[in-house]
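Please consult the sequence and structure shown here.

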Amino acid sequence: MTSAPLAARLTDAAGPLFFPVTAYRPDGGIGLEAFRAHVRTGVDAGAAAVFACCGTGEFHALTPQEFGQVVAAAVEETAGAVPVVAGAGYGTALAVQYARIAEESGADGLLAMPPYLVAAGQEGLLAHYTALAAATPLETIVYQRDNAVFTPETVLALARTPGIIGLKDGYGDLDLMQRIVSAVRTGLPDGDFLYFNGLPTAELTGLAYRGIGITLYSSAVFAFAPDIALAFFRALADGDDEQVNALLDHFYRPLVELRAKGRGYAVSLVKAGVRLEGLDVGTVRTPLTEPPAEHIGELAAIIAAGRALLEKHRTEEDA
């Protein structure tokens, strides 16, 4: 069941949810200095929360020690200005271990990612997330995607579980999500439960998710072009359809089409974007691979087109 402080701080988020990349040094180790700079930039730009060591942050590639160092660095750099949510995943025992490291490192909450490899039934998934939520006092958001897709009845059971405050949807079935929202609304009428659009470029489906009442979303774009991500966030919230559609047509759709050209681009293309902005966060760790120069050039052109739209919009507003 939802409880303060994390749920309350996320309920009326005044900016995008920031999923920073994890920086690596040339020798392959964690680049904490660059990561700290990345987090500071995002918070200063208007992020509502920092989700450290999650999908974009290459949770899968981090050792437990590295994970703790990165989460602690995010906590120190935010200095309480916004909440820090850390990833937790793999099987139940390891997920609990990561959750406890996150707690020790000062995180405000957990993003519980799908269990590793296995395709479990609803009963097993419920037992997994219930055990994870009980392992620490950290509030937990469950991430629906891949091998962790829930029935409405399971989500209602999750919503009734102490410590679980929300569901992040990275699956993208709006029919299923509408039924989930309805089941929780009718089965937990006096409780609050948060929903997040967690698709890889959530802005592209922002209008559709708003249609079923889901306004919170993760923004991968915020990691490398916070000005564009924040402009879209505000236009969507203000009902500025002209600006929303312009950014969808000339920035987000081309970006998604570029992302579809390579495996793992939901992470590696974002990291390339951060480097284009002048911060050396290194390359992705294997098994992910870097985009070729041609695709990075396309990304630079897409970012430039997005910023040209922002400038045009400012000029028109000032006229």
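The points below cover the basis of the model, the strand and the patches.

This is a predicted model, in which local features need pLDDT of at least 70, side-chain atom pairs count only at pLDDT 80 or more, and totals for chains, interfaces and linings use all residues. Residues are numbered from 1 along each chain as its sequence is written, and side-chain values use heavy atoms, without hydrogens or water.

**Strand S5**
- Six of the six residues of strand S5 (residues 139-144) are buried, that is, under 20% relative accessible area with a 1.4 Å probe and protein chains only.
- In a regular strand the side chains alternate between the two faces of the sheet.
- From S5, Glu-139, Ile-141 and Tyr-143 point one way, while Thr-140, Val-142 and Gln-144 point the other way.
- S5 pairs in the parallel sense with strand S4 (residues 109-112) over four bridges; pairing requires at least two DSSP bridges.
- Leu-110 has Thr-140 of S5 as its bridge partner.

**Surface patches**
- Patches consist of residues with over 30% relative accessible area and no salt bridge, joining like charges within 9 Å and nonpolar side chains within 5 Å; a salt bridge is a side-chain nitrogen of Lys or Arg within 4 Å of a carboxyl oxygen of Asp or Glu.
- Glu-242, Glu-316, Glu-317 and Asp-318 form a negative patch, and helix H12 (residues 293-318) supplies its largest share, three residues.
- Glu-316, in helix H12, counts as partly exposed because its relative accessibility is 44%, between the limits of 20% and 50%.
- Tyr-116, Leu-117 and Val-118 form a nonpolar patch with about 360 Å² of accessible area together.
- Val-118 lies in the loop between S4 and helix H5 (122-135) and is partly exposed at 49% relative accessible area.

Notes: Accessible areas come from the Shrake-Rupley method with a 1.4 Å probe; for residues, only the protein chains shown count as cover. Lys and Arg count as positive and Asp and Glu as negative; His and the chain ends are not counted. The place of a charge is taken as NZ of Lys, CZ of Arg, CG of Asp or CD of Glu. Helices (H or I, at least four residues) and strands (E, at least two) are DSSP runs, numbered from the N terminus.
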